[in-house]
Every structure is written in C-alpha cells, then in structure tokens.
Amino acid sequence: MGNPSCRLCSAFLYDPAWRRAANAAGENHWYEYVREINDQLGLKAEAITPQDLPGALGELTSLILPPRDAAELHLDGRTLEAWVEGGGVLIGWRTVGLDELFGVEATGEVEQPEDVYEPAAFVELVDSPFTEAVHTRWHPDQRLLVFGATRPVAAQGDTRTVGTLFPRGGPFAPTAAITACRRGDGWACYLAFDLAETLWLLHQGRPVWEDVDGDGIHRVSDAALTRGQQLEVLYADELLFVLRNMIARTGQPMLYQIPPREARGAEAIPDALFFWGGDDEAIPEAQLYASEFMKERGLPYHVNVMPREGEFAISKAEYDAIRANGHEVSLHYNFMDDREKPNAFTAEDIQQQMEWYVSAFGDKPICTVFHWTLWQGWADSARWMLAAGNKADNSRIHRPSPPLNPAGELGFAFGTCYPYYFWDDAEHHNARVPFLCEPITAYELGYSKEGEEHFEPLHRALEMAAHYHLVMDMFYHSCNIMSKPACRDAIDEALRYMAELGIKPVHMGNDELWRWWEARHEAELSDVNAGADRLSFQVSCTYRTGVVVMAPVVDFRPARALCGGDELPLLLRRDLGQEWAYVACPPGDHTVELLP
C-alpha cells in the first residue's frame, strides 16, 4: 500500500438478509458461494454488512461487491473512489450503479438462459498483468464459461479490458467481461457476471434427479456443465487466478493450496500436490498387491474396497497389512449390483453399506467413492454421506459420459483441480455442507485400454500441475496395478517425468488430503501489517507439517522470514503474472516477519 505501516484486510460486502429473502422465494442465493471462493484462494476475508461499511472501509484494503444495485446498498461512489485512490482494490461482481468509478459503460444485458445450468456467455482472457500465463497454453482457443445473467460493459478511458465477453447464441459484438481501472494508488476491477454463481455451478453442476447423458444411470456425469467443451481447461480455476491477482495488488497474503514438504530451505516449498488412490472392483488380492507396489515406490496409496452382498474381497488381515504399509483403505459404495436403472439410492442405502464396512474393519472410512460414480440430487448425496460418518468423496468424474469409463484421459469436468466443500440448495438455506469433494482429474493416465504405453496425457497433466501448482488426483485402480504391467510402467513414468521437470511434489492419499484441506480451512491468517520494508502476520494451523503462506511481493523483495528469531524456509517465485514470497510456517500459532 505504500504507507510506512498499514494493516491489510480483505472483505466482501454481505448481508444475511439477502440469503433469507432469496430462499424464502425458493431461489438460491448464489453470492453465498463467495465464502467457498475465499476458502479455495486461502483468503481470510471478513464479511462486512452495508450498514457497517462506512465505519469499516478505512480499515480495509480490498473489497468485493455483490451483484446488486449500489443505491440499494447505500454505497457512496465518492467515498469509495477516495478509498480506491488511497490504495484500495474494489472488485464488483455485476454490481450496478458504480460504472463511473469502475471506468465502464453498460452496453446492455444478457439474460440468464431458461435453463440456469446452461452457460449464458463465454469469456476470452486478454493479455494483461492480471492474466499473464493464466489461460491454458495447451488449448488457447477455448473460451471460459459464464453462468447467470451478465451485464456487458465497454471499457472507458484508460480502463483495461482483462476479459472479453461473447454472449451465447451470437453473433454479437464482443464487449468487456472483466475490466481493471487504475485510480490513484488503487484499482477498481469489474466483472460483468456473478463470479460466485459461475463457480458454484461449475463445481456442483446440475442436480442429478434424471438421466441427462443418456446412459440410463444417475451419475456424476449428469451433473457436469462442461459437456461439449474442451475438458482439459480449468474453467473455474482460471477465473480464480485472475481474482487472486487483483487482490494481490494490495500485498494481501493468502494460504497456499499445498502444505510444506518435509525438507530444508526452499526445498520445503512444493510445486504441486498429487494424491494417489483407486478402486478394487472387488477383485481379490489386488488391494495388497497395489499397496506393496506403491510402498516400493515410496508413494502413498488409498484403496476403495467394494462390497458385494455385504462381503468384501479383502480380509481384515489384508486390511491391517495395507494400513501397516502406511496406506489408506476406504469404502467403494456399490449400488450397481442387482439394481434396476437408473440405479438410484437413498440415505438408508448409504447407511447400510457404511455399517457393512464398519463391521468388517472396525472403523469408519474418510474419503469414499461410488461405483460407476453414481450420484443423487445436488448436495443430497454429500449430506447423506456426512450423516453416515463420511468426510469426503472422490466421485466427481473428470469427463462426462460417453464413454462410460473414460480411462487414460485427463479432464476437469467440474472446472477445478482443487478440493471444495459442497453447498446446499434453497430448501436447505444454501448452507455449507462440511463435506469435501476431491475431484477426479488424472484417470489411469499413461497407458491405453489395450495396455500400450501412452505417456502424452500423463506428461501434460504433470506439466499443468507444475505450471498452476495444482492438487492433482492420480487415480489408478488396484486391480489394474496388479494385472496390467503398463499401469505400473505409467506410475514409474510419472515419477520419472516429475524428476525431469524438477517438480518438488507433495504426495498423499485421499484421506490425508481431507486432513490437510480441513486444517487449511480452519487455519487462521490475521494481524497482517505491511510497511515499506517489512511484512508481518499471525498464522495458526494444526496440520502436521504446517502451512505455506504466500505473500505478494509489492513494496520490497523479502530475503528473510523470521519466526521467534528462527529463520523459516522462504522462496520467491513468479507465478501467473505475480511475484510471490512463499514461507513455510510450522504447525501451531506463530508471528512471522518478512524482511529485506
């Protein structure tokens, strides 16, 4: 911010009455998802009501505005303009009534499609400091997706267009979807759409109460809204990175998506996280074989064991041996056997198979998966599994059907590589469901269905993971590890290519990923104070290796990170257009200082 010393604080304008009114009308309050967006970013932002904003504005350094009219919110444009010129970053999501401040002029309205689950428009990112290296270099011609009503604008004066809007069903003259206007020491940034609605719909898709893809079964595939698009594009995450770069202009630190490595110095700062697991398909001996193979490679592994008529293809002794290898065992829900299409299931069905698992192995599974990636409803299945004792699910398939089993392919059918929590519908008050989605992304990569080497998509997945610093699911069935040499060769090639690329990885299983993401969600990052040659903050995290704090390099380039007189691992790295100082902080409560 350029001051001798100032407190950094990010916020979003929010009033709980907005959700209550929307839900009373039977509508989702899409803006509620701003909380999940902040969680994925690792941004510890405060909710500020319109009534409290006048007294709080001077303490804020960035502020997100909702898709509402500024007059309704009693926002004073002149006061906000003075705040921006003093160094604040203001970000409007389809906000009306502040066009002059944002440096834009509205050019019309693109109505929400009759089907809310269909995209309303497409966005093409434009070269700018906010978008550098953000859009996929692997599929550069693919545009991003926008859902809900949009308010196209034209950039005025020195306002920069960051993203161009192309309404669905053109031809229409392109307008601005995302803009950034430099005002004094700050920025006024505008999105012509509700980012919360777009990301919520991309992540959760449509409710699965009917067969959408024509395979006759209620599956996660029916929920995906990216059908017909290039599926190797991070539709949600790219928009998340643009938002992060906007907020970074204030110097606001955030929590990295990956925990520290157990290493010294800059080696403690990882490049990507890979979580390894797969299903057993109820094939005997495969579970322990896969565990032994992965142990030999120094890798974690998570095997989902599937019941058939209440029985598992793994004994308690084999279960104990796998756990002794340091690996994880979990439940593979099976509602395919002896059931008629569309293979619907209920909360009671979930509970019954949970009881089978507990009876067989003595504990409850953490992260489960559905056979054939079945699903019911929107957040309904998540709510049912949570009630049964589950914590997370790994069924969000990477590509919609057909084919029924898209093995050997990379994909982001739900727009993200990062875990996220489910959020419920209007009937359930749009409440956050404390149940984690761990999306499938890299599915049996590195070999073909015929058992032949096919490394290209595997290499591409690892290159993307390193470029974006992703949390990548490395999904390999235990039965394939046992029966297909090409599957084992693919895993070896993944490790070899990581080393060739110089990737510093963190490896874990699905259960451990839940532990990490839950600890990250609960972590605190507060009392952030910035000066011309010093940045300090309080950080608290219970995860066993601690947490990495990523601080934008703004006023000075840190050379040391100190905690109680001890030096912490520090790495300066330019990522997606912004230089960041990454600091590996130990578990517990600490005060950390960054110094030149």
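The exercises below concern the pocket, cavities and salt bridges of a predicted model.

**Exercise 1. Find the volume of the largest pocket and describe its lining.**

Step 1. The space in the largest pocket comes to about 400 Å³.
Step 2. Its lining has 25 residues, and those nearest the pocket centre are Glu-281, Leu-404, Asn-405, Tyr-443 and His-477.
Step 3. Sorted by class, the lining of the largest pocket has 11 nonpolar, eight polar and six charged residues.

**Exercise 2. State how many cavities of 30 Å³ or more the structure holds, and describe the lining of the largest cavity.**

Step 1. Two cavities reach that volume.
Step 2. The largest cavity holds about 140 Å³ of space.
Step 3. It is lined by 17 residues; Leu-535, Pro-552, Val-554, Asp-555 and Phe-556 are the closest to its centre.
Step 4. Strand 29 (524-531), strand 30 (534-541) and strand 31 (547-552) each give two or more residues to this lining.
Step 5. By class, the lining of the largest cavity divides into 12 nonpolar, three polar and two charged residues.

**Exercise 3. Identify the residues that line the second largest cavity and the helix that gives the most to that lining.**

Step 1. The second largest cavity holds about 40 Å³.
Step 2. Its lining consists of Ile-178, Leu-191, Leu-195, Leu-239, Val-242, Leu-243 and Met-246.
Step 3. Helix 7 (residues 235-247) gives the most, with four residues.
Step 4. The class count is seven nonpolar, no polar and no charged.

**Exercise 4. Characterise the salt bridge between Arg-574 and Glu-132, then name the residues linked in a network of salt bridges.**

Step 1. The N to O distance between the side chains of Arg-574 and Glu-132 is 3.2 Å.
Step 2. Arg-574 lies in strand 34 (residues 570-575) and Glu-132 in the loop between strand 7 (121-125) and strand 8 (144-146), so the bridge ties together parts 442 residues apart in sequence.
Step 3. Glu-132 is partly exposed, at a relative accessible area of 36%.
Step 4. The network links Glu-232, Arg-399, Glu-409, Glu-456 and Arg-460.
Step 5. The structure's salt bridge count is 32.

Definitions and conventions:
Residues numbered from 1 in each chain as written. Predicted model: local features only at pLDDT ≥ 70, side-chain atom pairs only at ≥ 80, totals over all residues. Heavy atoms only, no water. 1 Å grid on protein atoms, 1.4 Å probe; cavity = no way out; pocket = protein on both sides within 12 Å on 5 of 7 lines; lining within 4 Å. Points joined across faces, edges and corners; volume = space filled by probe spheres on them. Nonpolar A, V, L, I, M, F, W, Y, C, P; charged D, E, K, R; others polar. Salt bridge = Lys/Arg side-chain N within 4 Å of Asp/Glu carboxyl O. Buried < 20%, exposed > 50% of the residue type's maximum accessible area, 1.4 Å probe, protein only.
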